[in-house]
Amino acid sequence: MGLANWGRLGLANSSPGPAHRSMAKGRSMASGMAALLAGAAAIALLTPSANAQQAAQPATDQQQPEQAQTPEEAAPAPAGATLLDQILVISRTGETAIDSLASVSHVDQEQLERRMATTPNEMLFGVPGVAVQADARRVSSSINIRGLQDFGRVAVIVDGARQNFQRSDHGTQSTFYIDPELIKSVDVIRGPVANTYGSGAIGGVVLFETKDADDYLRGGETWAASATGRYESNGEGWTTSAAGAYRFNENWDVLGNIVYRDYDDYKDGGGDTVNGTGFDVLSGLLKTTIRPTENSELKLGWNGTSDGWNEVSGGTAVNDVDLKANTFSGRYNITDEDKSWLDLHINASYNKTDMEMTSLVPQNRFDPVTGLPIVLPAGSMSTFDIGTSGIDIWNTSRFETAGIAHELTYGGDWVGDDVETGGAAGGASFYTPSGKRNVSGAYVQDKLTWDWLEVIAGLRYDSYKLESDVGETSGDRLSPRITVGVSPFETASLSGLQFYGTYAEGYRSPSLSETLISGNHPAGVSFPFLPNPDLKPETGKTVEFGVNYKQDDILEAGDAFRFKAAYFNNDVDDYIDGVTLSAFDPTSGCPFGPGIPICFQYQNFAKAKIRGFEMEGVYDASWGFAGLSASIIDGHTISYEGERADLVTVPSSQVTAQLGFRFLEDKLTVGGEVQYNGKPKGNAVAKDYILVNAFASYQATDNFKVDFRADNLFDVKYTNPLNASATSVIYEPGVTLKVAATMRFGG
């Protein structure tokens with residue numbers, strides 16, 4: 001649900017390196033757009049024209065059928081209700097956001113288009129409890145849910161493929177790479193209640209679903225092509241995108257999409273250029289859907305990114321970075337005729353991210369083994385190659401016993417990380433160690449429904465094994481979940497009111513870096529990193545109380561109101577965080593050596609305690625829409641000795657409001673957003689700030705659309721509080737104007 005659904009359905013700084021400027025900045029946008037339009041048209045025109053009916057798609061984990069409707073229910077639904085009540089990817093039993101007994105949010109394609117997102121951070125604007133950390137390398141992002149992030153605490157999944165790239169550095173540790181232009185929806189579930197999606201997600205799960213051919217093809221069309229050009233004022237950035245879709249027959253279609261972005265360094269709200277924030281990235285998507293039978297579907301896909309930037313230190317480019325990320329996925333679903341006992345899903349995926357870092361100038365460094373000063377010559381290279389394989393199989397059986405409806409889901413999953421690092425630049429093989437980690441699990445969950453009562457009971461088993469040259473470690477655990485929901489009222493005005501309570505546990509194994517990091521700090525000052533093979537896994541234990549409410553026809557016929565709110569308390573036992581040890585303490589294991597007399601090591605704390613409140617609501621009517629969301633989060637760690645410290649990954653408390661109006665028979669939509677951000681307690685760099693944004697969209701014809709957006713309209717100078725651990729404060733973009741035009745063809 002969430003603000004993302006408002007509207008109608010209908011580390012070191014970085015900058016683009018010279019080696020990556022293959023397209024000259026002086027090339028006119030007109031020429032680029034002409035080429036894209038020609039390419040998109042060619043994709044379509046090279047295929048023979050043929051009539052094809054709209055395929056009747058069987059239900060998959062992304063699309064579940066609605067129940068049979070009465071004549072009244074079959075009437076056109078109010079705009080807000082249609083959008084806010086659509087089936088979510090996060091539910092493996094076909095729930096909507098408003099009916100889910102959990103804190104969930106959905107960002108649909110229309111909202112993504114209205115956001116005109118350049119980065120994942122912009123895709124998730126206004127989603128309660130969710131923040132995105134992206135330092136100067138804006139296209140590399142780490143998602144924070146309820147104050148938890150990095151090292152797999154939040155599972156980021158693209159088309160069923162888990163994104164586990166990690167590089168040890170100041171600031172964010174775990175990053176993923178996906179272009180917003182390729183995404184049609186984002187689903188978020190907060191807390192460990194989504195443990196059917198794999199091990200480790202004690203913070204939550206974010207699922208990105210890329211576009212399909214059906215997102216371009218209209219009924220009766222065999223082919224379609226689309227081209228988009230967009231300009232952004234801050235950073236003088238251009239985005240160009242071209243897509244082509246083709247339907248071979250009612251059971252087979254294919255989509256191709258390519259996106260190129262070229263941005264210079266942006267200016268912050270104070271008018272100062274933020275060095276290293278430009279980038280030059282090429283992304284692509286290939287996807288096909290095959291329906292072998294009436295009740296089965298196979299999706300095969302690839303999405304990839306080629307990115308390049310320069311890491312900057314003291315205003316000078318010191319490292320040239322090349323990154324290539326590729327994700328391959330296959331998803332198969334088969335059901336029985338009534339979708340009762342058989343609703344089987346088989347997902348397989350492979351994600352590979354390769355990063356090469358080459359020094360551009362001689363750099364003063366410390367030897368990773370001895371800690372003594374050395375000079376790293378220009379041309380030295382480090383490599384970070386991380387491959388993640390995954391298999392996910394589950395089935396849902398639906399049946400009834402003694403008047404109680406059951407949705408029994410059971411399955412298993414496996415994820416394997418293969419990390420290879422090496423080279424000389426900064427001792428990468430020490431700071432992001434090589435090794436292998438295998439995580440697997442199995443689960444069973446039953447959703448029982450009887451009249452006004454719903455009960456969800458689940459149990460998950462997790463195990464992990466971590467291997468490297470210095471040894472191996474392993475562990476396992478059972479994690480329960482119990483949720484009880486009641487809808488106690490039958491009157492028309494209160495029948496849509498639902499209360500629920502949840503207790504859920506999650507289990508996260510230590511990562512390779514947390515366990516095996518070693519060597520000496522590479523620059524600035526020298527001190528050792530100490531490995532810790534005795535790290536215990538983290539266990540998240542969450543208690544949540546929530547309320548859902550939905551009501552139609554409140555102020556006028558056809559309007560809709562939706563509201564969700566929740567209070568949560570999450571205790572993470574054996575929480576893992578970095579600590580500084582003193583060489584003067586003989587019990588610390590920190591040796592004296594070159595440099596300052598301290599050491600850095602990841603250690604378990606007794607627990608991290610995080611609590612907070614989240615809400616989101618939206619009202620939708622024929623004239624427009626209005627919404628409000630809020631999240632207040634507080635957290636701290638407690639050591640085994642009882643010492644308390646603020647949790648540095650707690651994001652800003654936020655309140656976000658949005659108001660939009662529709663004109664000209666819904667062809668024109670205009671509106672704005674206001675967001676208040678409150679400084680997290682104990683954060684040294686954050687301040688309170690307010691952002692004001694405006695947007696407009698005009699569907700001139702069925703095949704031509706113009707979008708406009710103004711972000712940070714009052715040019716506020718602010719920083720993301722999650723960047724407090726970075727080497728320097730990175731200020732976010734000042735006022736940014738965006739304008740885009742999209743042209744579509746089809747036949």
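The accessible surface of the chain comes to about 28600 Å², and 60% of this surface belongs to carbon and sulfur atoms. The model is predicted, and of the 747 residues in the chain, buried residues make up 58%. The secondary structure consists of seven helices and 37 strands.

In soluble globular proteins, nonpolar side chains tend to be buried together. In the present model, the largest nonpolar core contains 20 residues, of which Leu124, Ile143, Val186, Val206 and Phe208 touch the most other members. Two or more residues are given to this core by each of the strands S3 (130–133), S4 (142–145), S5 (154–158), S7 (183–190) and S8 (204–210). Apart from this core lies another, of 14 residues, which includes Phe165, Leu323, Phe384 and Val419. For Val206, when residues up to four places away in sequence are not counted, the contacts comprise Ile143, Ile145, Val154, Ala155, Val156, Ile157, Val186, Asp187 and Val188.

Strands S5, S7 and S8 also belong to an open sheet of five strands, in which the order is S2-S7-S8-S5-S6 and the pairing is mixed.

Strand S25 (residues 528–530) runs parallel to strand S29 (residues 598–604), to which it is joined by two bridges, and Leu530 stands opposite Gln601 in S29.

Phe151, which is not glycine, has a positive phi, near 55°, and is placed in the loop between S4 and S5. Phe151 counts as buried because its relative accessibility, 8%, lies under the 20% limit. A positive phi near 55° is likewise found for Asp715, also a residue other than glycine, which is located in the loop between strand S36 (704–711) and strand S37 (736–746). Asp715 has a relative accessible area of 30% and is therefore classed as partly exposed, a category that lies between the limits of 20% and 50%.

At the surface, a nonpolar patch is formed by Trp623, Leu659, Phe661, Phe663, Leu664 and Tyr698, which together have about 540 Å² of accessible area. Strand S33 (residues 653–663) supplies the largest share of this patch, namely three residues. Leu664, another member of the patch, is found in the loop between S33 and strand S34 (668–678). With a relative accessible area of 54%, Leu664 is classed as exposed, because this value is over the 50% limit.

Terms used: Residues numbered from 1 in each chain as written. Predicted model: local features only at pLDDT ≥ 70, side-chain atom pairs only at ≥ 80, totals over all residues. Heavy atoms only, no water. Patch = residues over 30% accessible without salt bridge, like charges linked within 9 Å, V, L, I, M, F, W, Y side chains within 5 Å. Areas by Shrake-Rupley, 256 points an atom, 1.4 Å probe, with all protein chains shown as cover. Salt bridge = Lys/Arg side-chain N within 4 Å of Asp/Glu carboxyl O. Helix = DSSP H or I, 4+ residues; strand = E, 2+ residues; numbered from the N terminus. Buried < 20%, exposed > 50% of the residue type's maximum accessible area, 1.4 Å probe, protein only. Core = buried A, V, L, I, M, F, W, Y, C linked by side-chain atoms within 4.5 Å. Contact = heavy atoms within 4.5 Å. Pairing = 2+ DSSP bridges.
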